[in-house]
Amino acid sequence: MRVQVSYFAAFREAAGVATERVDTGSVTAAALFDECAVRHPALQRYTASLVAINDEMSPWDAALAEGDEVLFFPPVAGG
């Protein structure tokens with residue numbers, strides 16, 4: 001299946017792209033993030049904290065479907 005992946009903040013810098021179309025066999029958001037970390041090794045140093053599918057915050061075990069837009073958000077530090 002083909003999905004659109006969008007990276008935010010530090011993930012964008014690590015991946016070197018803001019968005020990309022990905023042909024994937026991953027069936028969950030978590031598996032897709034792992035696949036993207038193989039594709040962009042600099043992502044491997046991060047643990048993703050939030051994911052959204054089609055602009056809705058989603059659990060990591062959410063199923064993916066053809067044409068979904070998946071957004072990965074890195075951990076946010078604050079004080």
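Visitor: What does the accessible surface of the chain come to?
Guide: In this predicted model, the accessible surface of the chain comes to about 4,400 Å². Carbon and sulfur atoms account for 54% of that area.

Visitor: And how much of the chain is buried?
Guide: Buried residues make up 38% of the 79 residues.

Visitor: What box do the C-alpha atoms fill?
Guide: Taken along the principal axes, the box is roughly 35 × 25 × 15 Å.

Visitor: Which helices and strands does the chain have, and in what pattern?
Guide: The secondary structure comes to two helices and five strands. Along the sequence, they follow the pattern β-α-β-α-β-β-β. The radius of gyration is 12 Å, close to the 12 Å that the globule rule gives for 79 residues, so the chain is as compact as a globular protein of that length.

Visitor: In what order do the strands stand in the sheet?
Guide: The order is β2-β1-β5-β3-β4, in an open sheet with mixed pairing. Strands β2 and β4 stand at the edges with a single partner strand each, so one side of each has no neighbour in the sheet. On average, neighbouring strands are turned by 30° against each other, with direction ignored.

Visitor: In what sense do β3 and β4 pair, parallel or antiparallel?
Guide: Strands β3 and β4 pair in the antiparallel sense, over three bridges. Ile53 stands opposite Glu56, which belongs to β4.

Visitor: Where does α2 lie?
Guide: Helix α2 lies across β1, β2, β3 and β5. Its direction is at about 105° to β2.

Visitor: New topic: how many salt bridges are there?
Guide: A search of the whole structure finds two salt bridges. One of them joins the side chains of Arg2 and Asp23, with N and O 3.0 Å apart. Arg2 lies in strand β1 and Asp23 in strand β2, so this pair ties together parts that are 21 residues apart in sequence.

Visitor: Are those two residues buried or exposed?
Guide: Arg2 is partly exposed, with a relative accessible area of 36%. Asp23 counts as exposed, at 52% relative accessibility, because the cut-off for exposed is over 50%.

Visitor: Which residue forms a salt bridge with Glu20?
Guide: The partner of Glu20 is Arg39, and their closest N and O atoms are 3.4 Å apart. Glu20 lies in strand β2 and Arg39 in helix α2, so the pair ties together parts that are 19 residues apart in sequence. Glu20 is buried, at 14% relative accessible area, whereas Arg39 is partly exposed, at 41%.

Visitor: Where is His40 found, and what does this residue touch?
Guide: His40 is found in the loop between α2 and β3. Leaving aside residues up to four places away in sequence, His40 touches Tyr7, Ala14, Ala15, Val17 and Glu20. His40 is buried, because its relative accessible area of 13% is under the 20% cut-off.

Visitor: What about Gly16, buried or exposed?
Guide: Gly16 is exposed, with a relative accessible area of 61%. This glycine is found in the loop between α1 and β2.

Visitor: How far apart are Gly16 and Ala42 in sequence and in space?
Guide: Gly16 and Ala42 are 26 residues apart in sequence, and their C-alpha atoms are 9.2 Å apart in space.

Visitor: What share of the contacts joins residues 24 or more positions apart?
Guide: Such residues account for 48% of the contacts in the chain that have a separation of 6 or more.

Terms used: Residues numbered from 1 in each chain as written. Predicted model: local features only at pLDDT ≥ 70, side-chain atom pairs only at ≥ 80, totals over all residues. Heavy atoms only, no water. Salt bridge = Lys/Arg side-chain N within 4 Å of Asp/Glu carboxyl O. Helix = DSSP H or I, 4+ residues; strand = E, 2+ residues; numbered from the N terminus. Buried < 20%, exposed > 50% of the residue type's maximum accessible area, 1.4 Å probe, protein only. Contact = heavy atoms within 4.5 Å. Pairing = 2+ DSSP bridges. Axes fitted to C-alpha atoms, helices over the stretch in contact; angles between N-to-C directions. Rg over C-alpha atoms; globule rule 2.2 N^0.38 Å. Areas by Shrake-Rupley, 256 points an atom, 1.4 Å probe, with all protein chains shown as cover.
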